[in-house]
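Thank you all for coming; please take a moment to look at the sequence and the structure on the screen before I start talking about them.

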Protein chains: 2
Amino acid sequence: MSSLSSSIDVKARREAMEKLRQKFLELLKKVLNGEEPKMIIPKRTLSNTIYDKERKLLLLGSETFERNFLDMREARKFMQTVLMASIIYEALVNNEYPTIRDLYYRGKHTIRYRDHRGRVEEENTWDEQRESDAVLRDIEVYVGLLREDMLILSKEKGKVVGDMRIRSGDDVIDLSKMGHGAYAIEPTPDLIEFIDVNAEFVLVVEKDAVFQQLHRAGFWKKYKAILVTSAGQPDRATRRFVRRLNEELGLPVYILTDADPYGWYIYSVFKIGSITLSYES
Amino acid sequence: MSSLSSSIDVKARREAMEKLRQKFLELLKKVLNGEEPKMIIPKRTLSNTIYDKERKLLLLGSETFERNFLDMREARKFMQTVLMASIIYEALVNNEYPTIRDLYYRGKHTIRYRDHRGRVEEENTWDEQRESDAVLRDIEVYVGLLREDMLILSKEKGKVVGDMRIRSGDDVIDLSKMGHGAYAIEPTPDLIEFIDVNAEFVLVVEKDAVFQQLHRAGFWKKYKAILVTSAGQPDRATRRFVRRLNEELGLPVYILTDADPYGWYIYSVFKIGSITLSYES
């Protein structure tokens, strides 16, 4: 379905393929030179998550670790990482848009082999999706590409309305002309181009129903706001979209949640990010 | 914020106000004439839910029941019904767009009164939202207005893309120009006007992530489809929107879910409706 993809996706796909390929070619070269293949991967641990006071964000620190092929304790993880990379690369080549669940299923199988005593052994590539998700995160930091950059898609709850024009895919969309409905944000918000904006701030509303009410009552028109809802816990794309509105357009962001611990948590995730995903900030 | 509402909403609001007012004026007239006020309400019970073989839908039957003010067992329900109607009417007059949760909170209070022995008693208008929700459903069937007609809003998960133009509020929206994103359906889909459509069928996808994949791969362009996602269990608006595509535009509807009991249930809800909400079909 290549010809049906947007030109934006065609370009993003080519770039991701190239970057992924270059990174893993390094391993291949090591093997061909008779050297031990190893990956040097940034640590995604709490101890390597730092709070950047300047940007007021949780970011990944500079610590790294080695993943070696010729180490019994690391061979499985090494295999998983290369397996995941090859699945993603194939999906890119085949013009696909997998989800993380697709990646899990595609990679999950049992490897049968003979051990050094000649006995047949079995080993699963991975068991639960938690495992393959962690491997994907390793690849994101190792290659320096977010999953969205590799056109791995996910469900997306975020919506937006406001006096603003954006380019998404091959279309220009006027977010002030959505009627009673709204624009559902794409799962790859870094591919959006902001064309022009006429607003003084961003209001992020936790509850979708409250978003509907404010939208319908014309709040964003009256107060010159970009109105966004995360529809509960914000997903990656909504957070990224809001961050871009703030960093690139300089719009202050206000967040309307319930005044309970969940609300504060949602606020904190928008404001400083999360530890698990510190690398995406 | 009246001037900021769409002309469609202004009209819908006026119509709902008039209909609600007329219906409850009947009660007032009875009181002024010294008669006992009573409401004759269609039954929303399983026994009064019929399967219409022609339209292949669950519909409300013709049975009714009386709700009498001068009956100890019904006085509380009577009070609740009138209370709910007055809250909705006030919201309509004040250009508001309440949610069902708002209606619950606005109506919830304690009534203090002296009983026939002179003792002070207390009675809550309603305790849980389940109670006020049931009263709202009574009003919907009693007055013959869906909550959406009375501009009571709710969260809304449904999204759509496809080669189709609609009018929503005061805007014309081209659903084929949403880029990588989608159009988030409004919670009041009966107010949408279908302008023109160039498609051969509707594909409803349960999972939002699968919707994203099909959209991104250009499925709806290649196969001339209107692509909809319910993002899980379909809400009222998504069901209604899909039904209108089928009944008014004659488009066949295909539904893509997991092949498990949840998937079958989602399919059945789209196909024949639900017992609780048989009156909205």
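Strands (E, at least two residues) and helices (H or I, at least four) are DSSP runs, and they are numbered from the N terminus. What we are looking at is a predicted model, in which local features need pLDDT of at least 70 and side-chain atom pairs count only at pLDDT 80 or more, while totals for chains, interfaces and linings use all residues. Residues are numbered from 1 along each chain as its sequence is written, chains are lettered from A and ligands numbered from 1 in the order in which they are written, and side-chain values use heavy atoms, with hydrogens and water left out.

With that in hand, let us turn to a sheet in chain B, where 3 strands in the order E9-E8-E11 form an open sheet with antiparallel pairing. Its edge strands are E9 and E11 (193-197) of chain B, each of which pairs on one side only, and the twist averages 20° from one strand to the next. For angles such as this one, axes are lines fitted to C-alpha atoms, for helices over the stretch in contact, and the angles run from 0 to 180 degrees between N-to-C directions. Strand E8 (residues 164-168) of chain B is joined to E9(B) by 4 bridges, and within this pairing Ser168(B) stands opposite Asp171(B). Across E8 and E11 of chain B lies helix H7 (residues 236-249), which runs at about 60° to E11(B).

The contact, meaning heavy atoms within 4.5 Å, takes 45 residues from chain A and 44 residues from chain B. Between them the chains bury about 3,400 Å², 57% of it on carbon and sulfur atoms; buried area is the accessible area (1.4 Å probe) that two parts lose on being put together, summed over both.

How many salt bridges are there between chain B and chain A? The count is 4, where a salt bridge is a side-chain nitrogen of Lys or Arg within 4 Å of a carboxyl oxygen of Asp or Glu. In one salt bridge the side chains of Arg216(A) and Asp9(B) meet, at 2.7 Å from N to O. Among the elements that give two or more residues to the side of chain B that touches chain A are helix H1 (7-32) and helix H5 (208-216) of chain B, and H5(B) gives the most, with 5 residues.

Finally, the whole structure holds 56 salt bridges over all chains. Arg67(A) forms a salt bridge with Asp138(A), with the closest N and O atoms 3.0 Å apart. Because Arg67(A) lies in strand E4 (residues 64-68) of chain A and Asp138(A) in helix H4 (residues 129-143) of chain A, the pair ties together parts that are 71 residues apart in sequence.

Definitions and conventions
Two strands pair if DSSP finds at least two bridges between them.
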